[in-house]
Amino acid sequence: MQPFTLHHFNGEKPLSSLPLNKTSRFLAGGTNLIDLMKLQVETPQTLVSLAKWEKANSIIEDDNYYHIGAMVSNSDLAKFAHSQPRLSILAQALLSGATVQLRNRATTAGNLLQRTRCYYFYDTTKACNKREPGTGCSAFGSMNRIHAIFGTSEHCIATHPSDMAVAMIALDAQVNTQRANGNTRQIALRDLYHEPGDTPHIETQLDEDELITHVSIKKKPNGTQYYHKVRDRSSYAFALVSLAAGFKIDDGRVKDLTLAFGGVGTKPWHPHKAIGVLEGAEPTPDVISQAAEAELSSAKTYGSNDFKPELLRRTLTKVLLEIAEHQVKYPGHEGALYDNA
Amino acid sequence: MATLNLNGKDVSLPDDPRTTLLDFLHQHLSLFGTKKGCDHGQCGACTVIADGKRINACLVFAFQLEGAEVTTIEGISEGGNLHPLQHAFIERDAFQCGYCTSGQICSAVSLLREINNEDPSAVTYSQSRDGEAAMKEDISERMSGNLCRCGAYPNIVDAITDVIALERQ
């Protein structure tokens, strides 16, 4: 591992006192960054450890929002979300990801900013525009089973790996940040990530000196919720296709639909075309199929991942029909699909 | 001086911030019970317990745990008596080569606490049935961060099931 200079941020002294630039990285839990540093995919010259930033380790509620501190562990957030029926989808997504050991260290902000698990990004002997801009993309014409079908470009087809972010996209979470000059801002998570375009190494709209302080999620009913993750083994694997969905049935029609896709996009995917078809419609297999087709009209496949559109279509159908059935059986239900089952 | 508490004893943190907790245990403290398997958080052989929570020692710098209480396999037994899980692993023949065992046991010690605290798992949220089969499915999910190349999984789950049953008596 390359040597680095270590600094600490405890929330008391200003960010401006730290040498934040292109070669610095914030270190939260470290479960992704330390791994990448061992492999020399990441070679920061400065690390700013957030281990002593205790203020960022709590979840605060007000009348309208849940405010989740940047350093809240994935385990603690999962347990909290599990206790809140309207956040069930978030609990399900978190618990479907990684392992207990990793979730105990991984943080809310770190999870959002984790890097892709593209094989070629991790392998420093292979070309990768995300790791080393301008070198090419080894995923084209090679094994690309885990790669994206939405938001891709000729420069990068790497998938965003997070489950938590998929649920948070569905829940329309807001990311709150602070910059070295003291300015703060709020960014919709749906706008945080960039598609790769011709700059796949620039993944978010955050600046080098910008720190996520907390994530806010509006308190609103989300109906029956289901995070369904299709993967190669039943635990501790990244999604091939995942789906975060929640809605109510009102007079036989879909109401207040929250929906996002994982494992298929270069960023956690907000399927606004599919949502446009489904909201207010009767959730029949035909309508769901039309919704899938609308979204898939912009999908591209790359060989080994040719199966993903059909897998997404089938997953969407299964999940939405199961939620609809549950809502009909338990009108007004709020929480996990499996409640009252 | 910056320290962490290891198995009840304060130890000074290493000078080089690149030192992971796992390398710190091996290279500075000569504690080799915690194993290095993949060194990338994928196998769980290096599982230790920090402030009551199981973590991968390979994916944390020692300095990040300043002031923390860390328990390794060397600190699991009490007063020379094996932990009930250690007994159960022997009784149930829950290992073959034994390389993953210290990580499995540290992980399972935390699992007992998590179940007592009613921490949810991906299985507990999706099941409504009770009984031993459901419990075993839940244990398997909770232990998915610990790989065993010998494939002793059924016996590992049996050992943990025994201890949970013992605690509930």
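Author: A:Q225 has A:A336, in β12(A), as its bridge partner. This belongs to the pairing of strand β9 (residues 224-230) of chain A with β12(A), which is parallel and spans 2 bridges. Strands here are DSSP runs of E of at least two residues, helices are runs of H or I of at least four, and both are numbered from the N terminus. Two strands pair if DSSP finds at least two bridges between them.

The model is predicted: local features need pLDDT of at least 70 and side-chain atom pairs count only at pLDDT 80 or more, while totals for chains, interfaces and linings use all residues. Residues are numbered from 1 along each chain as its sequence is written, and chains are lettered from A and ligands numbered from 1 in the order in which they are written.

The sheet is open, with 4 strands in the order β11-β10-β9-β12 (chain A) and mixed pairing. Its edge strands, β11 (253-262) and β12 (335-336) of chain A, each pair on one side only.

Helix α11 (residues 308-329) of chain A lies across β9, β10 and β11 of chain A, at about 30° to β10(A). Axes are lines fitted to C-alpha atoms, for helices over the stretch in contact, and angles run from 0 to 180 degrees between N-to-C directions. Contact between two residues means that their C-beta atoms, placed from the backbone, lie within 7 Å.

The next point is the nonpolar core, a set of buried Ala, Val, Leu, Ile, Met, Phe, Trp, Tyr and Cys residues joined through C-beta atoms within 7 Å. Buried means that 20 or more other C-beta atoms lie within 10 Å of the residue's own. The largest such core has 140 residues, of which A:L90, A:A167, A:M168 and A:A244 touch the most other members. Helix α7 (residues 164-170) of chain A gives the most to this core, 7 residues. Leaving aside neighbours within four places in sequence, A:A167 is in contact with A:I89, A:L90, A:A93, A:Y227 and A:A244.

Finally, the other chain: 28 residues of chain A are in contact with 26 residues of chain B. α1 (33-38), α2 (74-82), α3 (88-95) and α4 (100-105) of chain A each supply at least two residues of the side of chain A that touches chain B. The largest share of that side, 5 residues, comes from α4(A).

Conventions:
Buried ≥ 20, exposed ≤ 12 C-beta atoms within 10 Å, placed from the backbone.
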